[in-house]
Amino acid sequence: MLNSSNLLALVHQAASETTSHISLEELASMAPELTRVIAANICTTPKILFSLSNNKDYETRKAVASNPNTPTEILFQLGIEFPYELLENPVFSLLLLENPLFFQELPEDTQASLLKLKVIPDTYLQWALSYRRPKTMFAAAMNPKLTRDELCKLIYEAGSNWSTSQVPNVAKLHVNWIGEMKAGWQEAAFAVVQKHQLVKDNILHDEASEYRLWQLGIIPQAFLMGLHRNTLVQIARNPYTPVEILEALLKPKTATKKMRVAIANNLNTPVHLLEQLAGDDDAWVRQTVFQNPSTPNAIYKLFYEYEAAIQNPDTNGATLSEIVKRDWEYTRTGVASHPNTPREILVKLAYNKSWKVRAAVASNKSVPTEVLEILIEDKRLGVCNAVVRNPITPAWLLVRMLNNYKCYQRQDIAKHPNATPAILEILARDADCYVRVEVIKNPNTSIDLLTYLANDRDFYVRNNVAASSRASETLLAQLANDGEYMVRQHVAYNIKTPIEILRKLATDEDNNVRCAVAENPNTPDDVLTQLEKDQVDWVKARAMIFRQTKSLTLDSNSSTCQNNTSIAANPNTPIEILLELAPSDSYQVYLLSIQNICRQMTIHSDIPAYLLEKCATINTLEMQIALARHPNIPESIASKFASSQSVRLRRLVARNLNLPPSVREKLLQDKNQDVRSSALVGLLETKNHPHTEFLQQWQAVQNLNASSQLLIEQAQSQWVTIKEAVALNTNSAMIVFDTSEKQDKLNRSKSNAPVTLLEKLATDEHISVKLAVAKNSNTPANVLEMLANNPKSNNLIHLAAVKSLIQHYPEQCQPYIEKFITTTSYPSLSNFFILLHHQAPSDLLVKHHRSSSWLERYAVATNPNTPQHIRKLLTEDANRIVRAAAKAFLSAE
């Protein structure tokens, strides 16, 4: 670096016409004090100023923006960051004299930056108020001298165009809209984030960046619910997320299906939350819970016992009353649907918080009428629909729903067995044709009403009358003359159509009608013979086929299939028989067989190994979970699962307490950390666990008084888990590692400084070992910086190292925080969190104090690292929240 003694000489050299003696590399290496002087010198050449315009130093760039010798295009570029300096630059005035429309022709970003200035001439501001460009109008809305009348004009102009529809939200936060803000500014800023009002202010979510910032601990917990839903899912999936956060994410308004699945899959989710999710209404969530090795077998077994009970039609009321005590939506829905559920339980469930449980009550054929009367007024449409579809719902309750605007509810009423002739007559005149069709299909509909509908204006309605088995010969004869060919076609298909009408339709002008006659089983042979001579080939073909097959009868297997379904669902059917039924062509039989096998495997722990091996031939997730959890799991199945590509399956079987030693040893060496952790927990939970070499090493490194020599020895263990434990040991940071053979490779510099054990482990080939080093609270700053800067390290190691720097070495973390600032064309919520953080660099805060996002300016105003002169500028900000925050913090300094 050049020293200050040569300052005048270098300034003179930089200002001279010949600049070949100063290279770009030399300029980049100069001290900020020197580059500022060079940038401010009016004799500095445009070439040098061009190079300095990209300098990292804020004051240097600012000086370049003020220099009249700076090239015009560079001035415009710097004007985005330094609008005041551009406006005061003598070149700006000269350009205006040359071209009166110069301001309107400026680049849009530069123009917007200038419009935010309080000193901007009114001429340009008035032009911007009616110029319908989003950036221009946004900038005008942020000018502090805008009056209320001008704001009204801006809101009016912006509201007429969708691209500027967000401008009014910015304008209504203007200090001149409703005056200064005296209190509540912090609550107002927090509410915008927490209530997802960001879109109103043109602030976007950067999901990937948000999650990284959460991992670093930069985002305050108070803003959790303001994050993007995908970010929340990643947080729920993170094994280091605190329990209170997981509990907050499981609240009804937040807990989406993806969220519940993520929490159900998290190894560190506490048992009480897993127990809650085990009864989730969604099958995917439940299966994920049962795949989680942290879920006790007792919960898994209890769920299947409850499921067997609610699916058994003979389960008594006492058992159902016991099941309903557990807060599981899935089993409560089953109890609400069960025919033997006691009346008092149904009444209680009619007020359940879950609409699906209430709908199940409404569908129950044993539910009291007074309960249906309550549920028909339910706010959830699904519950009302269930009441209407319940065959025991009386007619006087159906009448209440006749005027419902949902047509499919009127359809359900039209097909209801308790629909009276009076109700059907009303619905026969309904405006919706699908409702009128359901009236036709209702067996309670009178012949007179069918006759009325046979003259309906809609041919779709007449089609259904023509196809009705209750249509009289008179109606069929009438419809056989219908002008719509499809109506005549339905008459031709109807097996109740008299032969005389079929003979007539066999000569119909439409090919489809004649073909329908050919396919009617009642068509006489002489008519079929006549149709075999039809002019249309496909009509002839159909007539020939149906005449030849007319005498044949189809053998139905429906009774056999129904019998197999009952056997497959019976909880007492032996597993051997269920295994024979499983390959059935019927999907229902297959599904019921699998569910029954898994249920029996879960409830009974004494199933022999040979039978389990047969079950393993069925490759379904439900079966794999049942086998991986079974106490009698054969070694062949355990070995197969331990080699599976599925991490979830490997980590689940790793927790099995009865694993063969060889399989457990393989899983303890698994490449996935979750699998290794599960295998370790399974080993420690095993009664009378064997004192293997691994266990001895692991117990040794857990000792807080472990010797340095022991930790050095175990740092070279073949077991990754052992090396992880050594890397997490706080004593490892103080242990000097003997690296006589590899000293030159591990040393931090050319000096012969000793290498610590953590430095050695920071170069380990396993990512999880390096990750443990990064998380060690005693890891030195230089090691953390090495891990944070290593391009070969994955993202997790980098984040863990930066997080440790933030926690333990705050003075060295600022350059890393700055790298997380996004550079998108729209402000992001992530930038707000970075600028709000107490370790945000001052240069970064200065750079963003003119941001188009008021939230970013708010963060700058409240950050303790913000320079006083910048905070003072923000006390004159147009946004009332930013202004109030800046004044409050300035007065507190």
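Predicted model: local features only at pLDDT ≥ 70, side-chain atom pairs only at ≥ 80, totals over all residues.
Local features need pLDDT of at least 70, side-chain atom pairs count only at pLDDT 80 or more, and totals for chains, interfaces and linings use all residues. Residues are numbered from 1 along each chain as its sequence is written, and side-chain values use heavy atoms, leaving out hydrogens and water.

**View 1. The largest cavity and its lining.** Searching the whole structure turns up one cavity of 30 Å³ or more (a set of points on a 1 Å grid over the protein atoms alone where a 1.4 Å probe fits but cannot get out). Around it sit Ala 141, Met 142, Val 170, Leu 173, His 174, Trp 854, Arg 857, Ala 878 and Asn 879, each with an atom within 4 Å of a point.

**View 2. Helices H26 and H28 packed together.** H26 (residues 355–363) and H28 (residues 381–389) cross at about 10 degrees, with axes 8 Å apart. That makes them roughly parallel (angles under 35 degrees). From H26, Trp 355, Arg 358, Ala 359, Ala 362 and Ser 363 meet Gly 382, Val 383, Ala 386 and Val 387 of H28; contact here means heavy atoms within 4.5 Å.

**View 3. Helix H52, largely enclosed.** Eight of the nine residues of H52 (residues 720–728) are buried, meaning under 20% relative accessible area with a 1.4 Å probe, protein chains only. Among them are Val 720, Ile 722, Lys 723 and Glu 724. The cover over these buried residues includes helices H48 (661–668), H49 (673–685) and H55 (767–775).

Technical notes. 1 Å grid on protein atoms, 1.4 Å probe; cavity = no way out; pocket = protein on both sides within 12 Å on 5 of 7 lines; lining within 4 Å. Points joined across faces, edges and corners; volume = space filled by probe spheres on them. Axes fitted to C-alpha atoms, helices over the stretch in contact; angles between N-to-C directions. Helix = DSSP H or I, 4+ residues; strand = E, 2+ residues; numbered from the N terminus. Parallel < 35°, antiparallel > 145°, perpendicular 65-115°, else oblique. Buried < 20%, exposed > 50% of the residue type's maximum accessible area, 1.4 Å probe, protein only.
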